[in-house]
Amino acid sequence: MKYLWKSIPRYIRYVIVQVLFLYLFMVVFRLVFFLFFFKTTVTGSSPIWKAWSLGLRFDLRLTLILAVPILLAAFIARHHFFTKAAIRRPLFVYLFMVYLGLTVMYIFDLGHYAYLGLRMDPSVTRFLAYGERADNARMLWQSYPVVRAVIGIGLFLFLITVLFTRSYYRLGKEPAVKLGGWKYTGWVASLVILFAAGIYANVAYFPLRWSQAMFTKDNGVTSLSLNPVLYYVSNMSVQKDTYDLKKTKEFYPFIADYLKVDQPDVNTLSFVRNVPGRDGKKMNVVLVMLESTGAAVTSMYNNPMMPTPNMKQLADSGVLFRNFFVPAISTARTVYGVTTGLPDLTITKTASRHPQMVDQRVVMDQFKGYEKFYMLGGNTNWANIRAVFTSNVEGIRIFEEGYYKAPKADVWGVSDFDLITEADEIFRDASNKQQPFIAFLQLADNHPPYTTTKGRGDFKKVTEKDVDKEKFKKAGFVSMEQFNAIRYEDYNIGHLMDLARKGGYLDNTIFIMFGDHNCTLNPYHFMPTPEYELISGGVHAACFIYCPALLKPQVVDYAVSLVDVYPTAAKLAGVPFKNYTLGQDMLDTTVTNRYAFATYLKNLQTYISLIGERYQYEINTYTHQSYLYDMKGDPLKDVKQQYPDTAKSLDNLTRAFYESTRYLMFNNKK
């Protein structure tokens with residue numbers, strides 16, 4: 001074996017060695033992902049082995065693609081490969097840049113997966129948007145050991161550099177093996193064939209494709225199958241955000257009938273519904289956006305850890321919506337969606353970052369005679385959210401960092417406790433002047449870096465020794481920091497209600513509290529439906545209304561949507577308004593067969609769906625396949641063939657929501 005290795009020309013041996021180094025490098029990162037990040041609900045080892053098999057083939061493909069320049073240099077230079085500085089220096093620079101790029105990509109991919117439970121794709125560039133880079137950089141600084149990570153990366157790259165330079169010089173000292181014409185041609189042909197076969201990576205008519213990794217419906221298994229760099233590159237080419245007028249008109253009758261449009265017209269594409277007001281004292285409205293507060297992490301939905309007693313008390317005394325869904329998993333998309341009444345369907349960025357999509361006719365603007373507030377602990381340049389309010393709501397007052405007396409707690413600005421404390425002063429002032437107000441209060445601390453304060457001095461973090469480990473595992477929480485963050489959010493909701501009671505505006509205010517999406521969780525199974533497996537858990541958020549003066553305690557089981565929040569608030573407050581978009585009053589019991597429209601990634605592919613109390617219908621936008629699930633039967637079984645009429649009806653309505661939303665995002669201008 002040793003003789004055989006020595007009989008191979010040095011420059012070919014160097015190529016082989018670097019291929020092995022690169023491949024081992026990728027396998028190590030795959031192993032890190034598997035040991036520390038991988039989560040699945042799949043039982044049995046067969047899917048895991050298949051995922052590893054596919055993943056190793058993807059890694060080999062990337063290795064060989066990156067090794068092609070080395071192979072070309074070796075064959076072109078041949079015997080001068082180890083003697084010419086003009087070969088050596090560019091070679092070393094190239095290898096260093098390859099390892100640097102791969103290291104950065106892999107580390108960011110692992111961080112992205114830990115944060116969102118998804119492989120990194122080109123949408124990650126939204127975090128580099130102008131005006132937001134500093135915020136995201138501070139979040140990374142406060143959430144992760146950046147300095148130690150940079151030092152570690154530096155040492156790692158140093159060791160890698162030592163490996164590929166020493167192997168070069170060591171081989172360069174060995175005797176040269178010179179090949180004649182035919183032998184040289186044979187080596188060239190053999191290596192070209194081997195490289196091509198490895199890059200093709202499939203014993204089939206078509207080469208290995210990323211879609212092959214999606215052989216299960218489990219996101220964890222799919223993620224294990226993929227190579228993050230190749231997956232990122234495959235998503236570089238994205239469809240531009242636009243709308244299809246022909247399809248909008250085709251499906252308009254279905255959405256017009258569902259929404260009960262006043263004067264449906266397929267030519268004018270009107271979505272307007274006039275909602276009358278009522279006489280009487282004007283009620284204040286406070287909308288509280290609960291950061292990363294999915295249904296599954298709260299006490300109202302029977303989380304085994306019961307982390308939100310204050311919210312549960314309010315929900316028990318008010319109206320709890322058991323099936324409240326947001327259109328997408330993104331804070332910026334939620335703020336846009338709730339304000340405009342339109343799901344944010346943008347592909348690579350968010351609608352708040354698109355000037356053409358920001359100009360909208362919104363319900364909040366129609367609260368005539370009201371003071372209007374938007375309150376955020378940080379800076380409203382984040383995701384260009386400022387424009388969503390200032391360009392659409394006349395007279396709105398923005399409260400953000402720089403206004404508050406309290407110091408910043410972290411990258412997201414002042415703590416939620418301080419935000420609520422200072423918001424109360426504004427609410428009291430308006431109440432004392434008998435000036436009705438509507439406020440959007442956006443909390444942020446239930447989010448990395450999970451900053452908590454002592455509040456009034458009585459908030460106490462819990463540790464692992466304080467909790468039942470079995471219950472904690474069943475509850476789905478990823479870490480104690482995450483668990484303490486939702487407890488802290490609940491603590492602050494209690495603080496808000498205490499201040500409202502003392503401030504004298506509690507009884508004259510409608511409080512609508514809703515989560516913007518769920519957080520990343522470990523598998524959980526205590527909910528009525530297997531929402532973790534169906535992926536609907538990500539868009540299933542907490543929502544309740546507290547207003548004893550107007551509403552008796554009740555639980556609403558039919559499906560409602562984030563886009564329904566403002567129409568509900570206006571109707572409750574007795575404010576007359578024109579509804580130009582897709583929301584409906586969540587308390588209108590005359591509306592039958594309610595559904596919430598949502599988009600989500602399942603198995604790393606985009607789905608659009610309608611989620612109802614009984615049925616969940618979804619369409620894969622990549623394969624165009626559709627599925628119907630019956631929550632009253634076997635919720636994981638596709639029953640489209642059993643209920644063809646239901647499937648057809650929901651298919652039309654799903655496409656109607658999708659096409660109408662895309663149209664209105666561009667055509668609901670003031």
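Tutor: Let us begin with Arg-456, which forms a salt bridge with Asp-458, their closest N and O atoms being 3.9 Å apart; a salt bridge here is a side-chain nitrogen of Lys or Arg within 4 Å of a carboxyl oxygen of Asp or Glu. Keep in mind that this is a predicted model, in which local features need pLDDT of at least 70 and side-chain atom pairs count only at pLDDT 80 or more, while totals for chains, interfaces and linings use all residues. Residues are numbered from 1 along each chain as its sequence is written, and side-chain values use heavy atoms, with hydrogens and water left out.

Arg-456 is partly exposed, at 45% relative accessibility, and Asp-458 is likewise partly exposed, with a relative accessible area of 44%. In these terms, buried means under 20% relative accessible area, exposed means over 50%, and partly exposed lies in between, using a 1.4 Å probe and protein chains only.

Arg-138 also forms a salt bridge, with Asp-135, and there the closest N and O atoms are 2.5 Å apart. Both of these residues lie in helix α5 (residues 133–143), three residues apart, about one turn of the helix; helices are DSSP runs of H or I, at least four residues long, and strands are runs of E, at least two long, numbered from the N terminus. Arg-138 is partly exposed, with a relative accessible area of 30%, whereas Asp-135 is buried, at 8%.

A further pair is Arg-662 with Glu-659, whose closest N and O atoms are 3.1 Å apart. Because they are three residues apart in helix α20, Arg-662 and Glu-659 are separated by about one helical turn. Here Arg-662 is buried, and Glu-659 is buried as well.

Salt bridges can also be joined up, as with Glu-371, Arg-397, Asp-429 and Lys-433, which are linked in a network. Across the whole structure, a search finds 25 salt bridges.

The chain is divided into domain 1 (1–235) and domain 2 (284–583), with bounds that come from an automatic or database domain assignment.
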